[in-house]
Amino acid sequence: MVDFGKYGERTIVGILVVIGFTIFLTTVLFPFYWMIISSMKNMGELFAWPPKLIPSELDFSAYWAVLFQHGFLNYMKNSAIVTLSTVLLTISLGTLGAYAVSRLYFKGKNMMQRSILLIYMFPPIVLVIPLYVLMSALGLRDSLGGLVLVYLAQTLPVSLYMLSSYFKQLPPDLEEAGLVDGCNRLEVIWRITIPLSVPAIMSVALYTFMIAWNEFLFAFMFLDSTGKFTLPIGMTHLFSSYHTAWDKVMAAGMIITIPVVIVFLVFERYMIRGLTAGSIKG
Amino acid sequence: MNKNSREPVKGDRLSQKQREQRLALTIIIPIFLIVFGIVIFPVLYNFWLSIQEVTLGNLAKATPIRALKWLFTLGRAGGLPDFVGLSNFIAVAQDPRFLSAFGTSLIYSFSGVILSILLGLYSALLVHRRMPARRVIRGIFLLPYIAPVVATAFIWRWILNPVYGVGNWLAVQAGLIAEPVAWISTRGLALLIAIVFQGWRYFPFIFLFILARLQSIPEDLYEAARVDGAGTFQQFFHITLPQLKGVLATVFLLRFMWIFNKFDDIYLLNKGAAGTEVLPILVRRYSIEMEQFGKGAALSIYLFLILAVFIFFYFRWVMEEW
């Protein structure tokens, strides 16, 4: 190994640190900065050459156009419906299911525990063609409800896995005390297990939120009518109809990104746990 | 208060156990039905589709009821309206696009994953130190992974726009290129961009894993090495890297699997044009654009098999060796 000497090595490390921070911070931040200012530039500055790195005035007309003329208000509503339903169903079914897996006995429990993560490993691209045909045959394809079902199958295995491993760490004494006091199992879950598991449930909820809000492939393949588009599909639709409306496309990008960033800033702690434990597939 | 003072009789306890089992089943069955209906059944249904000629015209014949009948009688009840045997599989294997997409997929997945691992390692080492605003910087580094893929892909397209893209302007200013380039529609460059985009978008995932692992390496190891006079680089190669081996091997496997199956990123960047057609893009092309669902199903089975073989050998060679 090359011997840089004590001070030489320290200099090299120092240089690597400075270069590293510069490169990472600029390459991560600049694209987002460019989205923000492009969405607020007027037409003249948007297509200026050389590009204007700082706009001289802010113009919000692209947001207005995107929201009220290109249907993004409706796409937002659809995305909100799909995301909220997926999150609520995932945490309620996931909590009950994980409780059953970790505390109750039923036939086939071991097999189920072992296959939970295996199911999660089935890649969406393998499922999308049969699901396309299947959903078409059942008349569920071009519907938000069908989309929620598909998302649930993606999120439930992970939430079962995450929550059941959390429940197993909880001391069973409290629940037993609850049972002795005359609560039934559902009351025990509601009054004892859930209050003790708020952090884990939050992580699952945020993880599910990210999946449902950002999902592209299934929504893109299944939704046909513009009235039912979610935000990601709305954005590709906007781009394919107006190829050069970059201010509008960037405004649409902002509208999709802002809720995710806000949720991340508020719930960073839970989010990071969900990101590493569940590992968003993608 | 009858319930509390009741004597625990054996028969009663048994019925309590039965009650619990019934509760467990009422909870589990709906979950099982969703997962079965949306994951397991489609996988089996895919096999059924792959041995038939299914086009948009006879899509109505490909009903799940027929497929179920066929599955449950192990094929004896018929239910294959347009049986073509393995000809879909043969047609896919003989299609030159399949081989080229396979090659592209391999290049894209391998180099993209390695790039994101290098970036993830570098960024994790940067953040794993005492410094001000550490949390803020960690949050910033996570942005590309958290932001929706549609938004990030379109930002890149806009930055790389051949006529107005700021990326082109910056590259010209820096002297990297003489004049603006059509990055995502030029053969070769497009795949390079797709790989760089992947590295940029997914390094935070690896960053998080490595950062967590770095924090659990015992400080004594470093202290002992310092006492022996080891410098920063020696500490990195002799302590940090060996300690990270397990995480790196796991992260490589996860990322490779996901990126090999990934449709969104390349489709959103340039729809698989200019030499970026990977296998998942071809699955959609067969099914939706060419309206040959049987062929699409056969290709997705190939995709699955390729991945299964990869995982098998990865466990054999990498996970066990390490």
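Biologist: Domain bounds come from an automatic or database domain assignment. How is chain B divided?

Modeller: Into domain 1 (2–85) and domain 2 (94–321). Keep in mind that this is a predicted model.

Biologist: How far apart are the C-alpha centres of those two domains of chain B?

Modeller: Domain 1 of chain B and domain 2 of chain B have C-alpha centres 37 Å apart.

Biologist: And how many residues are in contact between them?

Modeller: Ten residues of domain 1 of chain B are in contact with eight residues of domain 2 of chain B. On the domain 1 side, five are nonpolar, four polar and one charged.

Biologist: What about chain A, how is that one divided?

Modeller: Chain A has domain 1 at 6–59 and domain 2 at 64–278. Their centres, taken over C-alpha atoms, are separated by 33 Å.

Biologist: How many residues are in contact there?

Modeller: Six residues of domain 1 of chain A are in contact with six of domain 2 of chain A. Helix 1 of chain A supplies the largest share of the domain 1 side, four residues. By class, that side of domain 1 of chain A holds three nonpolar, two polar and one charged.

Biologist: Let's step back. What is the secondary structure of chain A?

Modeller: Chain A has 14 helices and zero strands.

Biologist: Is chain A a compact globule or more spread out?

Modeller: More spread out. The globule rule gives 19 Å for 282 residues, and the radius of gyration of chain A is 24 Å, well over that. The C-alpha trace of chain A spans about 75 × 70 × 35 Å along its principal axes.

Biologist: What percentage of chain A counts as buried?

Modeller: 45% of the 282 residues of chain A. As for contacts in chain A between residues at least 6 apart in sequence, 75% join residues at least 24 apart.

Biologist: On to the two chains. How many residues of chain A are in contact with chain B?

Modeller: 74 residues of chain A, in contact with 70 residues of chain B. Several helices of chain A give two or more residues to that side, including helix 4 (72–103), helix 7 (144–169) and helix 13 (246–266).

Biologist: Which helix of chain A gives the most?

Modeller: Helix 1 of chain A, with 16 residues.

Biologist: How do the residues on that side of chain A divide by class?

Modeller: There are 56 nonpolar, 13 polar and five charged residues on the side of chain A that touches chain B.

Biologist: Which residues are buried in helix 9 of chain A?

Modeller: A:R185, A:V188, A:I189 and A:T193. They cover an arc of only 95 degrees around the axis, so they sit on the same side of helix 9 of chain A.

Biologist: Why would residues three or four places apart point the same way?

Modeller: Because an α-helix has 3.6 residues a turn.

Biologist: What span should helix 9 of chain A have?

Modeller: Its twelve residues, 185–196, should span 16 Å at 1.5 Å a residue. The end C-alpha atoms of helix 9 of chain A are 15 Å apart, which agrees.

Biologist: Last one, B:Y286. Where is B:Y286 found?

Modeller: In helix 13 (residues 279–289) of chain B.

Biologist: Buried or exposed, B:Y286?

Modeller: Buried. The cut-off is 20 or more other C-beta atoms within 10 Å, and B:Y286 has 26.

Biologist: What is B:Y286 in contact with, leaving aside neighbours within four places in sequence?

Modeller: B:Q292, B:K295, B:G296 and B:L299.

Biologist: And how far apart are B:Y286 and B:I65?

Modeller: B:Y286 and B:I65 are 24 Å apart in space, C-alpha to C-alpha, and 221 residues apart in sequence.

Notes
Residues are numbered from 1 along each chain as its sequence is written. Chains are lettered from A and ligands numbered from 1 in the order in which they are written. This is a predicted model: local features need pLDDT of at least 70, side-chain atom pairs count only at pLDDT 80 or more; totals for chains, interfaces and linings use all residues. Two residues are in contact if their C-beta atoms, placed from the backbone, lie within 7 Å. Ala, Val, Leu, Ile, Met, Phe, Trp, Tyr, Cys and Pro count as nonpolar, Asp, Glu, Lys and Arg as charged, and the others, Gly among them, as polar. The expected span of a helix is 1.5 Å times one less than its number of residues. A residue is buried if 20 or more other C-beta atoms lie within 10 Å of its own, exposed if 12 or fewer, and partly exposed in between; C-beta atoms are placed from the backbone. The arc is that of the directions from the helix axis to the C-beta atoms. The radius of gyration is taken over C-alpha atoms; the globule rule is 2.2 Å times the number of residues to the power 0.38.
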